[in-house]
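Take a moment to look over the chains below. We will then walk through a few places together.

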Amino acid sequence: MKSNRLTRIIRCTLLLALMISAPVNADVVVIVSANCDATALSRREIINIFMGRYRFLPSGHAAKPYDLPTTDPRKAQFYLALTGKKISDIDAYWARLVLTGNASPPDEASSQEAMLDKIARNPWSIGYLDRSIIDNRVRVIFDPEH
Amino acid sequence: MVLDFDNVPPFPGIEAAGDILQTSDASTSVPGMKQTLNLIGNLLQTLCIAAPLLVSSLSPAWADEESDALTLHYFGTIGLARATSEHIQYVSDLSQPNGSSAGNWSAKPDSVLGMQANYAFSDQTEVVTQIVSRYRYNGTYRPEVMWAYAHFTAENGTEFRVGRLGTDFYMLADSRLIGYTNLTISPSLDFFGQLPLFHIDGADLSKTIQAGNGLLTGKVFAGYTGEKVPFGDANWNLGDSPMLGANIDYHQDDWSYRLGYAQMRMKHDWPVSDQLTALGFPAVIVEELSMNNKTSRYYSAGLIYDHGPIQLQWMANKVVQESLGYQNYYSSYVLAGYSMGNLTPFAGVSRSYTPSKQLNLGPDNPFQAGVDHVLDISHTNQTTWTMGMRWNFRRNMDVKAQLDCIRGKSDSTFLFRGNTLGWNGSTDVFSLAMDFAF
């Protein structure tokens, strides 16, 4: 009896560890508000916005990018698909820019749901999240995997 | 502006910073713009130092919730370097009085600890201060306010900064102390070693526009230097010297290019002039060799390719000295790295060279030997082969090992300290370091 319980605990622990450590293969897409006047953004323009190089939409309005939390594996997946860089390289990139005062990283949304709300509220904001949770308040403007 | 950190132990916390920051009136002899900049700088420093103490919500992360107006960042390098030659002291740049020699391990060349506080009043306005402790000209690790400025961003993207700013006239020059952002343990000695300037008190203005398929950024800056370098048993005050310059950067996809120019007019003479005068050198010769009110001009070009696992850097510079006593300087380096998982092996080569200036006093002139000796002080002629490995062993931290094989002529002494008879121009430097940035 005791042995069965122990086995169950070990199995649950292993399963949990697997869930935490397993690479996410979500369908991460870039979204803007449904009210955003931009109809399309190129990979180059999205890199410029998220990497702090040039944060303007084609209309000339300043873009407001948002990141998912560092602990969310979708963030690493997004930057790898967008730039080909590992998250450690992205960290080093931002370390250089922040510690030289040249640019600031995107503000952080605390979750995918918070990201969705922020993007929906601001027509000049831009973010990324799993395609499965988007609703009609936002629209997909770029798929970094393609 | 001179910031005095007397009686401060190495690596103090931010709690001590407000108490230890003092300003002196060493620059009151420079009128007009300098005094105004001093005043602005003092106000900004007070504000920047006070802000972290007044606000309690701290977030040591790169990306922050919108509500966090204050962010704190920490960075540092714990480094050990071992130079094989017993005839020179290996240093990371000319701001350091000594380092590693004769096979002894030294933490002096590469070890750095820094802290930065950013306080954003809005998306358009921010104040930033950074305090850094490293081995300095006076043989201490006394912390220094590296940057303290206000940053304004206009709606059209024009950026304006005023206060104490990082020297940005070489590509990557303003991030060279942040080891975690560098591929190597310390940036190329041949290229960056001759540049002991880390900040100016002044202002810069930059603007980025779309040009073709890329981004074109122009920046102009002006201000006053504020640093000293060791010079034999004395120090050479490079401070209070007016500096101005401009950069043009072009960025397209994985490629970044830069052309830069800066000039500095020396406010203070180097110690050599007093020594020559004491030795009875004629005033006309002393004046030819002096650095007082002489202009140094820095020309540079750089290229960075950064795609996926591949990193490639190339830079070249030329420093033209108006003084006959200081050699013109040419250097260049190329560095490549390739990431394989958490490991990034890297290799590069650099070269520094000064085509010797001549000051011919005529046959049998008794002062010729002394003049030649002065001209030798700033002479370099060497090549450095670099190889190493970076291991990102956990997020925001890395460990690096690096070997630099320096091969030069026996008169190539400029980039080292304390050279003695027997120096043949060659030494190997083995370095280990752990970097972090949060």
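## The nonpolar core

Of the 92 residues in the largest nonpolar core, which touch the most other members? They are Ile31(A) and Ala95(A). A nonpolar core here is a set of buried Ala, Val, Leu, Ile, Met, Phe, Trp, Tyr and Cys residues joined through C-beta atoms within 7 Å. A residue is buried if 20 or more other C-beta atoms lie within 10 Å of its own, exposed if 12 or fewer, and partly exposed in between, with C-beta atoms placed from the backbone.

Helix H4 (residues 87-99) of chain A gives this core its largest share, 7 residues. Another core, of 12 residues, lies apart from it and includes Tyr90(B) and Trp423(B).

## How to read the model

This is a predicted model: local features need pLDDT of at least 70, side-chain atom pairs count only at pLDDT 80 or more, and totals for chains, interfaces and linings use all residues. Residues are numbered from 1 along each chain as its sequence is written, while chains are lettered from A and ligands numbered from 1 in the order in which they are written.

## A residue in chain B

Now find Trp147(B), in strand E5 (residues 144-153) of chain B. Helices (H or I, at least four residues) and strands (E, at least two) are DSSP runs, numbered from the N terminus. Trp147(B) counts as buried because 25 other C-beta atoms lie within 10 Å.

Leaving aside neighbours within four places in sequence, the contacts of Trp147(B) include Gly101(A), Val128(B) and His199(B). Contact means that the C-beta atoms of two residues, placed from the backbone, lie within 7 Å. Between the C-alpha atoms of Trp147(B) and Gln275(B), 128 residues apart along the chain, the separation is 34 Å.
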